[in-house]
Protein chains: 2
Amino acid sequence: MIVPTLGTMLENIGLLLALASARGVAAASKALAPAELNARSYSLLEQIVLADGPSQRDLADALRLDPSQIVALVDQLEDRGFAERRPAPTDRRLKAVVVTDQGRRFYAQVRADVERSLDDVLADLSRDEREQLRSLLHRIARPESAAPELVD
Amino acid sequence: MIVPTLGTMLENIGLLLALASARGVAAASKALAPAELNARSYSLLEQIVLADGPSQRDLADALRLDPSQIVALVDQLEDRGFAERRPAPTDRRLKAVVVTDQGRRFYAQVRADVERSLDDVLADLSRDEREQLRSLLHRIARPESAAPELVD
């Protein structure tokens with residue numbers, strides 16, 4: 001009898017997503033450990049660096065986290081001097097989360113390490129395949145069919 | 001000033017993997033809740049149904065879990081009458097995990113629900129794109145560069 005090889009069989013795509021994600025998170029966490037940051041806080045800092053003063057609700061939507069989790073995570077970034085809450089220029093009753101110069105420098109520094117670690121995870125994929133993957137994942141993570149308008 | 005839209009910007013592929021995986025796990029968990037099974041136990045049962053009497057080590061490798069976690073999960077499947085440990089035919093000192101008839105029927109039943117839920121998650125992707133995604137994820141989750149030979 002031929003024994004099928006585990007792991008080369010047709011697998012449910014949910015499991016493959018979970019396994020691939022776990023590899024990515026493990027690699028990023030390892031890269032970020034010396035900086036005492038976890039992968040989630042890194043992604044939050046990245047959003048704050050890339051966006052122009054997002055609100056906490058924008059950040060909750062972007063990371064698919066509960067607003068209360070975002071508050072706690074922003075607190076941590078604030079405590080480390082990487083981010084500040086300021087009144088939003090468009091509506092001073094709202095709070096925008098803004099990166100500090102120190103936060104921007106820190107991000108630039110750890111980003112290289114995180115990208116190197118993801119590079120290892122994606123080692124078997126060509127540059128084109130990585131872009132293909134990014135585009136496909138984007139349509140799962142942020143489907144057009146469900147995407148809320150997040151422009152401030 | 002143009003305010004960039006959060007979530008449409010270039011994002012790190014690690015975050016996209018995590019977000020896509022979280023959507024998949026949430027959908028599968030919801031589909032499996034009436035059957036009182038979680039996504040992880042479902043994936044384990046799937047491996048046991050599809051493989052021919054894998055060992056607990058095979059299962060740990062396939063799901064990238066610690067062998068002790070696999071022992072606990074196999075215990076749960078055994079308690080529900082879905083799986084049994086038997087001496088492996090190739091080496092009676094080893095234990096093979098074998099699906100029971102009841103386990104096979106249960107899997108067939110919940111599988112339809114899980115696949116429907118993943119279908120929702122992948123709604124924006126064509127059939128070809130889903131296969132493309134599966135193939136790319138497979139090479140991240142089980143890279144050829146690192147894949148152990150799991151044939152019994």
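**Symmetry.** I superposed chain A on chain B: a rotation of 180° with 0.0 Å of shift along its axis does it, at RMSD 0.0 Å. The two copies are thus related as by a two-fold rotation axis. I then looked at which surface each copy uses. The same surface serves both, as 98% of the contact residues of chain A recur in chain B. I keep in mind that this is a predicted model.

**Confidence.** I checked the scores next. The model has ipTM 0.83 and pTM 0.83. Chain A averages a pLDDT of 87, and 88% of its residues score at least 70. Among the elements of chain A, helix 4 (residues 67–79) has the highest mean pLDDT, 96. Helix 3 (residues 56–63) has the lowest, 92. Residues 1–9 of chain A are another matter: pLDDT stays under 50 there. The model still gives this stretch 21 contacts beyond four places in sequence. Where pLDDT is low, the predicted coordinates should not be read in detail. I leave those contacts alone.

**Interface.** I counted the contacts between the chains. 59 residues of chain A are in contact with 58 residues of chain B. On chain A, helix 1 (13–32), helix 2, helix 3, helix 5 (101–121) and helix 6 (127–141) each supply at least two residues of the side that touches chain B. Helix 1 of chain A gives the largest share, 14 residues. I sorted this side of chain A by class: 34 nonpolar, eleven polar and 14 charged residues.

**Core.** Which residues touch the most other members of the largest nonpolar core? I found A:Leu16, A:Ala20, A:Leu137, B:Leu16, B:Ala20 and B:Leu137, in a core of 78 residues. Leaving out residues up to four places away in sequence, A:Ala20 touches B:Leu17, B:Leu137, B:Ile140 and B:Ala141.

**Helix 2 of chain A.** I took the span of residues 39–50. These twelve residues reach 16 Å from first C-alpha to last, close to the 16 Å expected at 1.5 Å a residue. I listed the buried residues of this helix: A:Ala39, A:Tyr42, A:Ser43, A:Leu44, A:Leu45, A:Glu46, A:Gln47 and A:Ile48.

**B:Arg111.** I located B:Arg111 in helix 5 (residues 101–121) of chain B. B:Arg111 and B:Glu46 are 65 residues apart in sequence and 8.7 Å apart in space, C-alpha to C-alpha.

Note on methods. Residues numbered from 1 in each chain as written. Chains lettered and ligands numbered in written order. Predicted model: local features only at pLDDT ≥ 70, side-chain atom pairs only at ≥ 80, totals over all residues. Least-squares fit on C-alpha atoms with pLDDT ≥ 70 in both. Contact = placed C-beta atoms within 7 Å. Helix = DSSP H or I, 4+ residues; strand = E, 2+ residues; numbered from the N terminus. Expected span 1.5 Å × (residues − 1). Buried ≥ 20, exposed ≤ 12 C-beta atoms within 10 Å, placed from the backbone. pLDDT = per-residue confidence, 0-100. Core = buried A, V, L, I, M, F, W, Y, C linked by C-beta atoms within 7 Å. Nonpolar A, V, L, I, M, F, W, Y, C, P; charged D, E, K, R; others polar.
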